[in-house]
Every structure is written in structure tokens, then in C-alpha cells.
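Dear colleague,

Please find below the structure that I promised to hand over, followed by notes on what was found in it.

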Amino acid sequence: MADTYRIAIVGSGPAGMSAAAHAAKLGISHVLLEKTDHLSDTIFKYQKGKHVMATPSQLVLRSDVDFDAGKREKILGIWDEQTAAHKVNVRFNSEVKAITGQKGAFVLTLTDKTEIRAETIILAIGTQGNPNLLRAPGIETSGIHVQYQLDDPGEYVDEHITVVGSGDAGIENALGLAQDVAQGNIVTILNRGADFSRAKGANVKLLMQARDEGRINVMTDTSPNRLEAGHLVLDTRDGEARIRCDRVIARMGSAAPRKFIEECGIEFTSPDREAFPTLSPQFETTNAGIYVIGALAGYPLIKHCMNQGYDVVEFINGNTALKPADEPILEGKFVNLPVKKSVDEWLEFIRTNVQILNDLSPLQMREFMLDSEVRYYGKNDIIFEKNAPGSSLFCIAQGSVDIPLPDGRSTGIVIPEGSIFGEVGLVSGRRRGSTIRSIAETIVVEIPRNAILKLMASVPGVKRAVTRISTERQLLQMWQSGLQPADLAEVLETAEIKGVRAGEAIFREGEEGNDVYVIRSGSVVVEKSIGGKPVFLSYVPAGNYVGELELFDNGIRKQTVRAAVKSEVIKLGGEAFRRLLEAKPEFFARAKVAIGEREDLASFIEAKKDSFATVVDMYSSVANFLVDNGVGEATDVLLIDENLCVGCDNCEKACADSHEGISRLDREAGRTFAHLHVPTSCRHCEHPHCMADCPPTAIHRGQDGEVYIDDTCIGCGNCQRNCPYGVIRMEKEPPRKPSLWKWFLFGQGPGPGEPSHDWAYANATPGVEKAKRAVKCDMCSGIEGGPSCVRACPTGAAIRVAPEEFLTVARLQRDDA
Amino acid sequence: MASKSLRQATTGRERASEHEGFLRYQSYKWLKIALGISAVALLIYAFNDVQPKPNGGSIYGYTTGTIGVLLILWLTMLGVRKRAITPGRWSLKSWTSAHVYLGLSLIVIATLHTGFDFGWNVHTLAYALMMIVIASGVFGIATYAMLPQALSANRGETTQVQMLDNLRMIDRQLNEAAQPLDAEGAAIVRMALDDDPFGGGLIARLTGHYRKCGTRAALAAVRAHPGRKEAAADPYDHVEVLLERKRSSLSRIRKHLRLKALLEVWLYLHIPLTFALIAALFVHIVSVFYYW
């Protein structure tokens, strides 16, 4: 082919097709190269009958080809029709193997050795051809079929199918497979985290509905460990689980076909596997003349792709003043700021000033700014108050903020320009930990929790930056002792965040090693092997560190530390940590005291092992029972000593009578071991599972660590389903009871405790329908005297404990003394 | 462990990780107080020479009488404290502890108040009622001290509701299993199904012996049935298995109910007699002043 096209478009997905259609409309000579024999292979490969969504809904479509939400077949039909109508020059079965030359004279070599010449090239090849692969032992040997796409969910019958990945693709596949009950498939979907932050809201809603109807088994906090014949072994929050599995559909995202793109002379923003090419605001790559749009540019939504196709052709055609379709929305975000800049200037200003956003492409900036807000604060304005609800992250684009004391003086803690605050909200739905005040004219970007989670999931650089800042803050807050951020720099260089499965050892007795592990979330137990048996030494909750014992001797571990529940630890290099200790005498002194305590404890156990072997043994097994029953992730738990409990249920009655007539605990239910009973009652988990999926974010953690549900509860029942301990009830508030004296003297009303449903029904105010709401223990927050269940126990059987106080051998010592 | 946990530093909420029963509460604080009161009362009684003989009308008698009646009224208030879940730093455990030991000290205080002057009158009636109330209370303490472990061990991790559900499930299965049987066989199964397994009154409930137990009778009848073949399978086999399961399930529930009944039964004496005692005390006080 001797002709030189003005534009060669590689890939006929929504982006490429829209670009070609616009080129055709403008009468620009062009060619649309498609690898397969049909347009838009990614959409073509969607499962049959799939409903294609058109998000983000606030974005205006700007393309010569129509697109709206609808069935896959209908959309493909419209596209085929309209590309034909626009007389787009499509060349099917044309896979590009190499691109050479420079702007004005590119040569595209196809796999059939045809050479195509073009002045400019638009790469719109997407990332679907390069899926992230499942990495787990047993893929080849187990006989389980592992696949990375699903064409027709109707093909599979009576299979145990596990979908790995809970982005849109995974959820849609799972829904498709489970839709027709007659197919008899047993479908499980795994999600690595607790939230479905990567997926569209509508898909998550459908998935939850399917789960509630029992059609899909949804497992959160779960990832595959290995494949065995007919089974899949999973790492769950509570340890390993083994499920039947005939087929795995892995939908774990995809990455750019990097090798090919780099060979075209295009640079990437970073060496991460999931990084995207570096682009100018006009989509031009580092190799002038080659443009990248669509999923390959970091934007996987159809509407964005089609708009970009239109825009890039306009840019190539010389219309550099064209503003993207989302321009008016973004303009609206900046309109109230005292400084006037164009949208592009603003985006660049924010990107360069805010550390965590440095790695973003202009396109990604645009996308996440659509979800975020920019705010201006004058000097001494309060940005948020302590204990205010809110889970968004703030980035300081200009100015700085500090944490004031209640009387208005500063604590001296200043967060400088470029940094972030409010990152604790990312961990869970806790309230704001401190008040934040601006101390200069400040411009902040407020990013909602879901948007930043999505950004962290898709841009590794953001994740790294956020993690580093939050790790630094966590360490500073934990250790205090006058440490400054600069002191931690060396230790942070060695920091590495590791996830540990429930029951997995972080290090074992006898191993070599002197790294220190800070427990970021979850909790661990410390064990020592005595006479061949592991003896439970102590329980360590999040916010503490382990492994420092070995810093000052031969570096042989003296104890085994294992995770009690799924935990996250920060591993710090032993040498760096030692230097930090040596440089900071105050910090060193505190650490030394702790080391002394632990060594005393170990020698105490050692001394005890002969005379009190059975006592120590018994203690170990009781401690292990409690950890197995979720006490390990509790912050405050109700226990009942069955040697004292006479079964009067006064605890339940007291609970009901101090809270609108509904009891939040079930004394009789629950596990028992060695006369220690763990009733069905809230443990106020370190990382509450109930908070994970609360639509109105009505679940919070209060002042005393209690997890409570506020009045905005909509009664959806998600928290009840998410709670592994079954402590949340969905109940209507019963009508008010007559007073105790009326009951006592005249027999009016149902008496103390929770009234029966019959009584509540018979005495309800006619015509007023009360909604069911989630009810759970709030630790009698705000009631003087503390938890009613404990106060109302006549024999002293009911006690409330914090696990770290209860689960320590030190108690043995005291009991015997 | 290493550094002190952060979340402990929130507010000064008290935690009750230490635990001790109502009897040992604060190292037997109330036992010591009760013993002290009793000892003082005894000492004064011993060195107090009342003429012509010790009686309730002396200064000492009035003092012990007033202390006794106020104590009785206060001890009665435990019933209110238990049910009125008001805010505040009270603990029912400490109330129970005080109730037990101060209640026991009444034996000394009230007896000394009588001056060992007994007769067939309302005054001695009040004393007798009080002693029965105390005796029933002592029985209560004994059950509270001994039975909870047995209650817990017997139920394992099942709740009472689950036990009853299990029983209903076995009944449904028995009903199914009886379908292929003849009239005679059906009558045997009906013995187990129509029986009220918890009937038999208070005695049966407290002893755990149900003499007219339909399930046991049915089981005996099935085993003695002449139609049973040795080797071959017959429909009675299944019925027998189910009856055996029902029997063991019943024995567990009955034990559960027996223990719960023992933990409660004394209250049926303790509380009504307390009201009778208060009434008798009222009459005692009024008559003493009226006929003085």
C-alpha cells in the first residue's frame, strides 16, 4: 500500500471506532485496523445478553456514534450500522506487529507483513488482551479449569464455579452464571478486600441481592491459596477454607501490553506492571505523533473512550483549543476559588503540589476530580472537628494546617503543603480523630473514600504514597517519645507492609532474625514452646510491636508470634530500628522496660512449667479457645463465668430495659469452654466487619471504643449478614412499657426485660408502622455506671474484658499469689 | 507487651476484668461487716444486765428491733434493685453480697432482740417467718454455689430453645416412622407422642423422675413386642432408635429443667414469705406499741 494515511487507528473498540467515525465525518484520510474479524472485540466478548452500562452518568457523550445503556447485542448492532453509515475505512484481521518511523512517516507492520504508512497513529488497543494471571500452586496439576473470560454463561451446567476478582467483570460473570437456577451452578465470588470499591454501584447492588437470595456465595477478605483436585483452598479472614471447585474464572483486571508499546518508543509513568503510558493532555505519548486513548490510557469506561476518540481526532486536526467533554463539570469545581486558573492549570497545580498524586496522568486527574471537591479555607478556619463523621481524604494543594488544642492553641503538629490528612477514614468508618485547622490560606482537595480506594487500587504510586504517609503517622502516634518524622526516615525506608493470615506465624522460635513487626491491624498471640507444647504467653493487639527482644542479643527468636486473626503488620529492618533506639534515649528507655517485662514473663513461665504444668496447659487452651472465638479481634467482650451463672437472664433483661426494650445479647447461645462462656454479644472488633458495607454509614466507633449504630440506619440488614458472630438483630422498637411499679402492684404490662412480640404487636400505636432497624450492643455508651449487663448480674458471672488484659499469663501469676 | 496499647488511653471507663463471685466480693467485705455487727450485738447482750430478764422492750431490745426491721425492709429492696435498671455506679453483685451476709446477721440480731422469749403469738410468728425466709435463702446460696457448673455442663453449648426444637424434630420423625405400622404399633408410638413429657408436677420437676413417662413406656413396649424378628429389618427398628433418641434427649432437657427449677424454687418460698414477714412485723410493731 503506497498511500500514506493521515491517521492510522489501531483497535476498533469504543475509543478507536469513535475516533475513526469522527475522522470519517471530518473527511480525514484514515484506516481503522482491527485484529479480529469484527468490531470492538472486548465488547464482543462480553457474555451473551449482558447489560452494558453507561457510567459515569454525569458525563456527556460526545461522539459521532451513539451509545446508551443496553444489551450487548443491541449496542454492537448500532455500532456496526453506524460505522458503515459513516463510511469508516475498516481493515479487519489486521494485527499490528511493529511500529517504526516518526511523526509524519510512521510505518505499521502487520502480522501478515503488510506495511501501512501513516502520519499519525492512535493506539486504542485496550488492555483486555493482557489479563492479570492467577498465581497459585496447582493450576496445572489440579485439573481445575482456569479461564480468564466468560463468553456464554449458558454453556455451564451443574458446576462449582469460583469467580476470582470482584471488579465489574467478575461480578457480571458471577451474576450471569447464577442467573438461571435451572443450570444448577454453584457460584462463589471471591473478594480480596471487604469493600467492592472497584465495581459500579449498580453491579454491587445486584450482587448483594443475589447473595441474599442465596444464588451466589460471596466471600470477602478472601483470596485463593492453592488448587487441589476438585477443590480450591482459600485464605480467609479466619484461616484456610476449602471449597468444591470445578472451574475458576479469574477476572483480576488487566495490564497494558507493555512490551509492544515500549517497542513503539512510548514511555510509561512508572515501572509498575499496572502503570499507564505518559500522556500529554492531548493524549500524545512521548513518541510525538502517536496518541493513546481508551483503556490503555487508563480509562476503561466506554463513554470516556468514545469521547476521547472524538477529542483526539479534533486535536490531530489542529483544534488544540478543544476542551474535553467533562470540562464544564470540572470548571464548576474550581469556580468558587479565590484564584482564577484554567481547568488544566488547576489540575496540573494539584498534581504537582500534592505528593500522592504525582504519578497520575492528566486523564486520571480529570477522572478522579469528577468525584472530588476543591475547597478554599482562610487562615484559622476549622476544616473538620474531632469526632465529626466523615471518611474522605484531604490533600493540601496549597497552604498548611495544624491540629489545635480545645482552647485554640496549637499542638505544634503541622501538616505541610503537599501532604494529606484524614487518612484514618480509609481504614474504617471511625470518626475524625482530631480537629484540623488551616493556618494559612489553604486549598484542599477532598476525595471521597470510594474514589481514593479506587485510585489506590488502580495506581500503585498513589497506594505507595498514601501507605507511606499513614505508616509514618501511625508509627509517630504509637511511639510518641518526642520522635519527629525525620527520625523515622531510615526506619521507613525498610518498612514493608505484610498481610498475615489467621494462624500464620510471623516468626518462629529458634529462627534467625531481628526485624521488628508493628501490628497495624488485627492482633497476634505470642507463644513459647515448653516441653514440646506451645504455651500461650500473651496477646498483642494492633498498635504494638513484637520482635524487639532479639535486637540486642544473638538474633535467635525466643518466641513464636502468630496472627490471631487476619492481620497486617509493618516489618521494619532490625538494624535501622536499633539505630533509632540508640539515637533516641527516651524511646529506648521505654522499649527497655517493655523488653524487661517480657523477659520476666518468659522466665516466670519457664520456672512454672514443672510445678504447674497443668495450670499453664489449661491456661493455654482457654486462651486459644477465646482467640478462636473472635476475642482476638475484640476490643471489649462480654464473658460469662459458668461457675457463677445461675441462668436468671437478668443481664438480658437489663440490656433490654436500658435500650428501648430490645436486648442486644443472647446469654444462652454461644460457645463454652472450661466454664468460660462467650455469649452472643458484640465484641466491638478492632476492624468491625459490620462497618464494611453500611449504605448510610450509620455505624461508627465511639469515644470508649464502642461500635454503635446511629439513627440513620435504613434497616438494610447488611451489617447483620456481615457480622461473623451473629450479634446484630433486626428489630422494631416495641411500645413503651408501663412502669415497674405498675407491673409490680397491678400486673400491668409485660414486666422487666424484652416484651414478647405478641405484647408489642397488641400494644403498638395503631396506624404507626415502625421500621425494623439494626440493633446491637453500644456498651451502654452514655449511661452512667457502664454496661448494664455487668451491673445487673447478681452473682458476678458476667464480666467485660479487653483481651489484652485478660489474655496474659500475668493473670496466672496474680491468681496464684 | 511493648508499648501500651493506644486504645486503652481513650477515657477512664472502668473495666471489670477482675472477677469474683458475689460470695467472695471484695475479699468477703460484707461477711466481715456482718460478723462485726453480730459480734458487737453479742458482746453488748452478754454484758447488758436487763431486769427482770432480757426482752424486746429494753433499750437494747428497741435498738436491735429497729435495726432488724430496717434491715429487713432494705433486704427486700434487692427485688427492686434487680429490676430497676437505672443509670448509676451500682452493682447488683455487691447488693447480693450484702444481702446474703447482712441477711444472715439477722439470725443473731433478731434472736437477741427476742431475748429468747418465745410463745404462741404473732411476735414469735414474725420471728419464725423470718427464720424460714433465711433458711430458704441459705438453700438458695447453696444451689447458687453448686448447681451452675452442672447446668452449664449438662447443656453443653445448646440452648433451651434448641433442645426443645430437637425434641419436636424427633416427634415429627416418630410420626413418620409410625406410618407403616399396624394399629397396635401406632398405639405404642402414640404413647410417646401424646405424652406431656414435662407433666408430673413439682415433684417430678425437682427430682427429675417422671414416673408416667410415655416415652419410656413406649420404648419398653416396642422392645417387648412379639412381632419383632431377630435378624430381618422391620419397621419397629427405626421406631426403637427414634424412641431411644427421644429418651436421651428428654433426660437432658429434664435435667436442665430440674437444675433451673432448683435454682428458682426457693424463691417461691423466699419472696412470698418475705411479704408475710413484713405483714407480721407490722402487726408485731403495732401491737407492741398498742398494748404497751
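Two strands are said to pair if DSSP finds at least two bridges between them, and helices (H or I, at least four residues) and strands (E, at least two) are DSSP runs, numbered from the N terminus. This is a predicted model, in which local features need pLDDT of at least 70 and side-chain atom pairs count only at pLDDT 80 or more, while totals for chains, interfaces and linings use all residues. Residues are numbered from 1 along each chain as its sequence is written, chains are lettered from A and ligands numbered from 1 in the order in which they are written, and side-chain values use heavy atoms, with hydrogens and water left out.

In chain A, strand E34 (residues 637-641) pairs with E41(A) in the antiparallel sense over 4 bridges, and within E41(A) the bridge partner of A:Leu639 is A:Ile799. From strand E41 (residues 798-801), A:Ala798 and A:Arg800 point one way and A:Ile799 and A:Val801 the other way, and all are buried, where buried means under 20% relative accessible area, exposed over 50% and partly exposed in between (1.4 Å probe, protein chains only).

Turning to the interface, 47 residues of chain B are in contact (heavy atoms within 4.5 Å) with 68 residues of chain A. The two chains bury about 4800 Å² between them, 52% of it on carbon and sulfur atoms, buried area being the accessible area (1.4 Å probe) that two parts lose on being put together, summed over both. The rule finds 1 salt bridge across the interface of chain B and chain A, a salt bridge being a side-chain nitrogen of Lys or Arg within 4 Å of a carboxyl oxygen of Asp or Glu; the side chains of B:Arg155 and A:Glu642 meet in a salt bridge at 3.6 Å, N to O. Helix H3 (78-83), helix H4 (92-114), helix H5 (122-155) and helix H10 (235-265) of chain B each supply at least two residues of the side that touches chain A, and the largest share of that side, 6 residues, comes from H5(B).

Two further residues of chain A may be worth a look. A:Thr109, in strand E7 (residues 105-110), counts as buried because its relative accessibility is 17%, and its C-alpha atom is separated by 22 Å from that of A:Ala23, 86 residues apart along the chain. A:Arg683 lies in the loop between strand E36 (676-680) and strand E37 (699-701), and its relative accessible area of 6% makes this residue buried.

With best wishes
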